[in-house]
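The following questions and answers walk through selected local features of one protein model.

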Amino acid sequence: MTAPYRVFVTRVLPGSGFAELRDDPAFDLDVWPDDFPPPREALLERVDGVDGLICLITDRIDAAVLDAAGSQLKVVSQMAVGVDNVDVAACAARGIPVGNTPGVLTETTADIAWALILASARRIVEAAEYVKAGEWNTWAPTQMAGADVFGATLGVIGFGAIGQAVARRAQGFGMRVLCWNRTPRPDAAAALSAEERSLDAVLAESDFVSVNVALTDDTRGLINADAFERMRPGAILINTARGPIVDEEALVTALRDGQIGGAGLDVTAVEPLSMDSPLLTMKNVVVLPHIGSASMATRSKMADMAVANLRAGLSGQPLPNSVPTPASG
Ligand code: DGY
């Protein structure tokens with residue numbers, strides 16, 4: 001009998017695929033049991049000698065981790081669509097495919113972008129806190145008055161699957177939709193009655209700006225002081241992609257100076273966001289703990305996809321969903 005595949009999984013996962021993996025004698029699973037990610041030292045130790053790795057966005061998988069694992073490592077399978085925490089080039093250099101989980105989280109993430117659009121515009125969190133604090137004493141003409149979503153202009157930065165799903169929802173709100181994508185997507189824009197514009201035009205003409213690009217070297221800090229200066233006074237920034245795409249210091253300044261009207265953030269530059277962050281003192285900012293894909297159904301599907309990628313990689317098959325290597329583009 002061949003020795004079981006040794007696999008390190010950096011967290012207990014939902015879904016049937018993971019349960020089956022645990023019961024499968026062909027796998028020798030080491031599962032990090034805490035809710036917190038394995039500290040760096042533990043990660044380096046636990047990957048030693050593994051054939052496969054299932055990881056999350058909280059785990060930095062770089063050359064040091066790959067070296068600590070050893071040359072027998074056959075696959076890195078990430079339970080997320082974004083892989084900015086994984087050094088894909090270092091994996092490629094070692095011939096290790098990287099799996100991810102595109103598609104299944106598109107609609108769930110678009111839902112959270114919309115939750116943030118509505119919450120920020122209509123001051124939902126602030127209003128709910130007001131009620132809980134016993135401050136609701138009367139009805140007044142401008143009490144908790146916010147901005148209209150219906151009929152406003154939505155700008156979508158990054159018109160991939162999630163950006164398009166955000167735009168699709170805007171149709172029900174009678175919105176004008178502007179979009180920008182590094183590689184123009186005229187067909188997708190036309191299908192959603194969205195207008196493809198320059199990045200500057202999207203920033204300048206939108207009441208809501210939704211960030212939906214992947215984090216890369218090109219998009220890090222894309223929404224910076226200059227971008228905030230271009231935005232409409234009163235505009236609301238929504239980020240459900242990755243925190244570092246937005247220059248957080250510039251965001252704080254833009255909010256403080258009233259350059260923009262508010263922000264709805266599911267992601268922050270450093271996660272978890274420090275309790276000292278000025279963002280947490282601002283009533284016009286809603287911060288969520290990176291829950292874009294967090295429905296039970298979607299997270300289970302993501303875990304199942306991660307397991308499927310792992311299984312394929314271990315048996316030398318092409319991964320059902322693999323991240324393009326820098327060389328294959
Ligand atoms: C992803 O998949 O990249 C999300 O940010 C986590 O669900």
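Q: Which residues of helix 7 (residues 161-171) are buried?
A: The model is a predicted one. A residue counts as buried when its relative accessible area is under 20%. In helix 7 that group consists of I162, G163, Q164, A165, V166, A167 and A170.

Q: What covers the buried residues of helix 7?
A: The cover includes both helices and strands. The helices are helix 5 and helix 8. The strands included are strand 6 (153-157), strand 7 (176-180) and strand 9.

Q: Where is S206 found, and is S206 buried or exposed?
A: S206 sits in the loop between helix 9 (199-205) and strand 9 (208-211). Its relative accessible area is 0%, and the limit for a buried residue is under 20%, so S206 is buried.

Q: Which residues of helix 11 (residues 248-256) are buried, and what do they pack against?
A: The buried residues of helix 11 are E248, A250, L251, V252, A254 and L255. They pack against helix 10 (225-230), strand 10 (236-239), strand 11 and strand 12.

Q: Which residue caps the N-terminal end of helix 11?
A: Just after helix 11, G258 takes a positive phi of about 70°. At the N-terminal end, a side-chain oxygen lies 3.1 Å from the backbone nitrogen of E249. That oxygen belongs to the capping residue, D247.

Q: Which backbone oxygen does the side chain of T281 reach?
A: T281 is placed in the loop between strand 11 and strand 12. Its relative accessibility is 64%, and the limit is over 50%, so T281 counts as exposed. The T281 side chain comes to 2.6 Å from the backbone oxygen of P278.

Q: Where does S193 lie, and what is its relative accessibility?
A: The loop between helix 8 (186-191) and strand 8 (194-196) holds S193. Phi of S193 is near 50°, a positive value in a residue other than glycine. S193 counts as exposed because its relative accessibility is 58%.

Q: How many aromatic pairs does a search of the whole structure find, and what is the angle between the planes of Y5 and F27?
A: The search finds 2 aromatic pairs. Y5 and F27 form a pair with 5.8 Å centre to centre. Planes under 30 degrees apart would be stacked and over 60 edge-to-face. The Y5 and F27 pair is tilted, at 40°.

Q: How many residues apart are Y5 and F27, and which of them is buried?
A: Y5 is in strand 1 (residues 5-9) and F27 is in strand 2 (residues 27-31), 22 residues apart. Y5 counts as partly exposed because its relative accessibility is 28%. At a relative accessible area of 10%, the buried residue is F27.

Q: Which residues are around the ligand, and how many are charged?
A: The residues around the ligand are A80, V81, G82, L105, R242, H290, S293 and M302. By class, 4 are nonpolar and 3 polar, and the number charged is 1.

Q: What percentage of the ligand's exposed area does the protein bury?
A: An oxygen atom of the ligand is 2.6 Å from an N or O atom in the S293 side chain. For the H290 side chain the corresponding distance is 2.7 Å. A ligand oxygen also lies 2.7 Å from a polar backbone atom of V81. Taken alone the ligand exposes 230 Å², and the share buried by the protein is 89%.

Methods:
Residues are numbered from 1 along each chain as its sequence is written. This is a predicted model: local features need pLDDT of at least 70, side-chain atom pairs count only at pLDDT 80 or more; totals for chains, interfaces and linings use all residues. Side-chain values use heavy atoms; hydrogens and water are left out. A residue is near a molecule or strand if one of its heavy atoms lies within 4 Å of it. A polar contact is a pair of N or O atoms within 3.5 Å; within protein, one must be able to donate a hydrogen and the other to accept it, and residues adjacent in sequence count only if both atoms are side-chain atoms. Accessible areas come from the Shrake-Rupley method with a 1.4 Å probe; for residues, only the protein chains shown count as cover. Ala, Val, Leu, Ile, Met, Phe, Trp, Tyr, Cys and Pro count as nonpolar, Asp, Glu, Lys and Arg as charged, and the others, Gly among them, as polar. Rings of Phe, Tyr and Trp (its six-membered ring) pair if their centres lie within 6.5 Å; planes under 30 degrees apart count as stacked, over 60 as edge-to-face and the rest as tilted. Helices (H or I, at least four residues) and strands (E, at least two) are DSSP runs, numbered from the N terminus. Buried means under 20% relative accessible area, exposed over 50%, partly exposed in between (1.4 Å probe, protein chains only). Contact means heavy atoms within 4.5 Å.
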